[in-house]
Amino acid sequence: MPAFDVLCPADQRVPFVFNSPHSGRQYSKSFLQSSRLDEKAIRRSEDAYVDDLFAHVVPLGAPLLRAHFPRAYLDVNREPYELDPKMFDGRLPAYANVRSIRVAGGLGTVARIVSENHEIYRHKLPVAEALGRVEELYKPYHSTLRRLLAQTHVTFGYAVLIDCHSMPSSVKCQTTDTRPDFILGDRYGTSCSSDLTEFACTILRGMGYTVSRNKPYAGGFITEHYGRPASGLHALQIEINRGLYMDEVTHEPSSGFGDLFHNLRSFARELTSMPDAALPADSIAAE
């Protein structure tokens, strides 16, 4: 299986690109052998089945980019070189960002932990190993995402990136102490048109779901990096409560998977039919 692929419609009919960067579940033997975690524990940070939940966007006329490598191996929702020097044998290059909040939390480009602070590796990794993952996986992945957005922007005059994720069912809103079904992140209104975020909220709430905006997830590197609404590039992150569709202990789909898939198909159909006037366009193509 390739490291990642793009599910492309025969004809792209909508200015939307969907992305599932954390649903990869191909764990190599060498990676598992280097880890102190078993095959089940290492999956705790995986956005399991999110690519399957959004596969319906392809018949709607939107491409879906999906990773097959796991987030625990390489996280493309980070800067390319957010690396923890304590994880590696040898000196990191001077351009590495070793002081970010995400690195401090153990969740850099090459993560030190999976959720709940479970250390991944038995031993330190060679620096060359981390840099190799960036060259072989990170850069090609982002090159593909940039190409999809640039093509969409040229074709339609603007592009909308929907970055698809899932979250543990234990996640609570910071203000209400409730467990939301969805969290929409637009970097506090800076990564996309506010009309897009509001429209997405309205659709989901109309289906009976509880929705939070930006708290506690406002969007990661992908949303922040690609979201430039003044240039006609809009990026919105969607986090789905895993309790809606899977057993978080066994990592198997639950009885709720089918209903959620059906509702997300309706959600995507409505979202991609959003009037053009609500999404400011610009003649400048994506970089």
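User: Is Arg-213 buried, exposed or partly exposed?

Analyst: Buried means under 20% relative accessible area, exposed over 50%, and partly exposed in between (1.4 Å probe, protein chains only). Arg-213 comes out at 31%, so Arg-213 is partly exposed. This is a predicted model, where local features need pLDDT of at least 70, side-chain atom pairs count only at pLDDT 80 or more, and totals for chains, interfaces and linings use all residues. Residues are numbered from 1 along each chain as its sequence is written, and side-chain values use heavy atoms, with hydrogens and water left out.

User: Which residue forms a salt bridge with Arg-213?

Analyst: A salt bridge is a side-chain nitrogen of Lys or Arg within 4 Å of a carboxyl oxygen of Asp or Glu. Here Asp-186 pairs with Arg-213, with the closest N and O atoms 4.0 Å apart. The pair links distant parts of the chain, 27 residues apart: Asp-186 lies in the loop between strand 9 and helix 5 (194-206), Arg-213 in strand 10 (residues 211-213). Helices (H or I, at least four residues) and strands (E, at least two) are DSSP runs, numbered from the N terminus. Asp-186 is buried, at 1%.

User: Which residues of helix 7 are buried?

Analyst: Phe-257, Leu-260, Leu-264, Phe-267, Ala-268 and Leu-271. Seen down the axis of helix 7, they fall within an arc of 95° (taken from the directions from the axis to the C-beta atoms), so they line one face of the helix.
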